[in-house]
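The following note is meant for a colleague who is opening this structure for the first time. Please keep the sequence and the view at hand while reading the numbered points.

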Amino acid sequence: MQNLFAFFYRYAFIFLFLILEFISIRLVIRSNDNQRAIFLNSSSIISGRLFDKMDRVKKYFGLSKVNETLAKENATLRAQIANIQADLPFKTDSIKDSTFHQRFVLLPALVVNNSVELRNNVMTINQGAIHGIQKYATVMESSGIVGFITDVGSRYSSVMSILNSNSRVSVMIRRTHYIGNLVWNSNSPMLMEVEAIPKHGDVRVGDTVVTSGYSHFPEGLPVGLVTRAQIEPGENFYNIETRLFNDLARTNQVYVIIDLHKNEIDSLNHQTRAK
Amino acid sequence: MNSIWLKQCTRFLLLFAFQVLVLKQVHLNVGSFNYISLIIIPLWCMLLPVNTPRWLMVLLGFVFGILVDWFYDSPGVHASAGTFLGFARPFIMSYMEPKGGYNRIPIPSKFHLGINWFVTYASVCLLTYLVFYFSMEVFTPAYLGTIFLKTIFSFVLSILLMLLYMFIFDPE
């Protein structure tokens with residue numbers, strides 16, 4: 001009996017090693033299925049606040065860059081207002097009420113935690129349920145798309161970045177209106193791939209990729225430029241590489257897009273699938 | 001006994017804060033070149049006292065890994081690498097045992113065993129950690145090239161950081 005205890009004591013570290021390694025690998029697999037354990041979530045209060053404090057310090061260094069983008073955006077918006085005002089006197093008669101029916105609400109938010117170097121990148125933003133953020137709402141910034149909300153805390157939310165192996169966004173080629181999926185297989189935070197555009201889709205280098213409007217992103221948001229489009233021998237679909245307009249490593253000011261028609265669309269999809 | 005563990009705790013807080021508050025914020029990617037993660041926290045595991053029981057090494061490796069994971073949003077990735085390093089350290093140390101053995105040496109540091117010994121020791125430990133870490137992160141053997149490149153580039157910068165730490169603090 002004593003020998004047995006001695007044996008266990010001597011090799012306890014091997015058993016402990018196997019048990020802990022098993023637990024870790026379980027955690028890795030679960031997170032790959034996007035079922036992250038709640039206690040490890042960065043939207044949890046402590047780490048969220050810490051990152052918020054860190055971000056306040058960091059923001060000072062990026063102020064000039066942020067000012068520049070905001071000024072550019074202001075200019076674009078002012079130009080649009082000017083255009084609308086110029087057009088209005090002629091078109092007032094023909095505008096129907098339903099045109100003004102609002103579908104999207106944009107809520108501004110700041111990124112307080114971000115990464116681009118992992119395989120599955122997740123962000124944290126400083127807006128949560130009390131600000132009106134909903135699960136699966138989409139997130140954009142002024143120059144491109146960012147991801148969608150996966151977890152909502154009371155003051156912070158987690159965003160699954162488009163630089164995540166589980167992310168799928170429906171996009172289209174603006175010139176031809178062919179629909180494909182935007183996925184991230186490369187290692188670079190600037191390059192993504194568009195899948196499932198058929199061989200006859202006529203994609204060329206330099207085409208603009210925009211959102212299709214199918215994945216709760218408004219239609220026509222700019223995503224990136226096609227940098228490579230080729231068809232492998234024997235394949236029926238294009239192999240397309242696109243360079244993003246926005247640099248996700250520098251994302252700071254984002255907008256959460258709440259789709260007011262989401263429930264209606266989802267319940268219709270659900271009913272159709274049930275049949 | 002207590003004072004040496006008090007030192008370990010202080011060192012842990014220092015390295016941990018540096019890792020999650022400073023190094024995590026550093027993105028050293030240039031365009032499509034995205035292979036560098038700065039990792040210094042395994043240094044803590046390497047500098048644990050020589051006479052730490054093996055089971056405690058494994059447990060502490062797991063604990064520091066899971067704490068780093070908490071801030072890195074990567075459940076299990078650092079934890080599995082830390083556990084593995086904790087498991088492997090006694091074997092690495094016995095393989096690299098100096099002539100006089102580890103008698104009267106509290107921790108395997110540059111101060112006690114010299115710079116040459118320490119660089120070899122730290123390199124082996126860090127490579128063990130990084131290979132395991134990046135394999136766990138990518139999690140498919142299809143990306144062997146990526147794992148290799150990430151390990152090499154991260155290794156070079158991380159080992160420099162660790163040596164810098166050793167020269168600044170020179171822990172006894």
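Predicted model: local features only at pLDDT ≥ 70, side-chain atom pairs only at ≥ 80, totals over all residues.

1. In what order do the six strands of chain A that include β6 close into a barrel? The order is β6-β7-β8-β11-β10-β9, with antiparallel pairing; two strands are said to pair if DSSP finds at least two bridges between them. Helices (H or I, at least four residues) and strands (E, at least two) are DSSP runs, numbered from the N terminus. Ignoring direction, neighbouring strands of this sheet are turned against each other by 40 degrees on average, where axes are lines fitted to C-alpha atoms, for helices over the stretch in contact, and angles run from 0 to 180 degrees between N-to-C directions.

2. Residues are numbered from 1 along each chain as its sequence is written, and chains are lettered from A and ligands numbered from 1 in the order in which they are written.

3. Confidence in chain A deserves attention. Its mean pLDDT is 82, and 87% of its residues reach 70 or more; pLDDT is the predictor's confidence in each residue, from 0 to 100. Over residues 34–40 of chain A the value falls below 50, although this stretch has 12 contacts in the model beyond near neighbours in sequence. Two residues are in contact if their C-beta atoms, placed from the backbone, lie within 7 Å. Residues 89–96 of chain A also stay under 50, and for them the model has zero contacts beyond four places in sequence.

4. Strand β6 (residues 169–173) and strand β9 (residues 208–211) of chain A run antiparallel and are joined by three bridges. Within β9(A), Val210(A) stands opposite Met172(A).

5. Chain A holds another barrel, in which six strands close in the order β1-β2-β5-β4-β3-β12, again with antiparallel pairing. Seven bridges pair β1 (residues 104–113) with β12 (residues 253–259) of chain A in the antiparallel sense, and Leu107(A) stands opposite Val256(A) in β12(A).

6. Is Phe148(A) buried or exposed? This residue of strand β4 (residues 144–152) of chain A is buried, because 23 other C-beta atoms lie within 10 Å. A residue is buried if 20 or more other C-beta atoms lie within 10 Å of its own, exposed if 12 or fewer, and partly exposed in between, with C-beta atoms placed from the backbone. Beyond four places in sequence, the contacts of Phe148(A) include Tyr136(A), Val139(A) and Met160(A).

7. His216(A), with phi of about 65 degrees, lies in the loop between β9 and β10 (222–230) of chain A and counts as buried because it has 20 C-beta neighbours inside 10 Å. Asp73(B), with phi near 55 degrees, is placed in the loop between α3 and α4 of chain B and counts as buried because it has 24 C-beta neighbours inside 10 Å.

8. Chain B has seven helices and zero strands. Of its 172 residues, 40% count as buried. Among its contacts between residues at least 6 apart in sequence, 69% join residues at least 24 apart.

9. How long should α6(B) be, given its 24 residues? At 1.5 Å a residue they should span 34 Å, and the end C-alpha atoms are 34 Å apart, so the two agree; the expected span is 1.5 Å times one less than the number of residues. Buried residues of α6(B) include Phe118(B), Tyr129(B) and Glu137(B).

10. Finally, the interface: 31 residues of chain B are in contact with 30 residues of chain A. On the chain B side, α3 (54–72), α4 (77–95) and α6 (115–138) each supply at least two residues, and the largest share, eight residues, comes from α3(B). This side divides into 15 nonpolar, 12 polar and four charged residues; Ala, Val, Leu, Ile, Met, Phe, Trp, Tyr, Cys and Pro count as nonpolar, Asp, Glu, Lys and Arg as charged, and the others, Gly among them, as polar.
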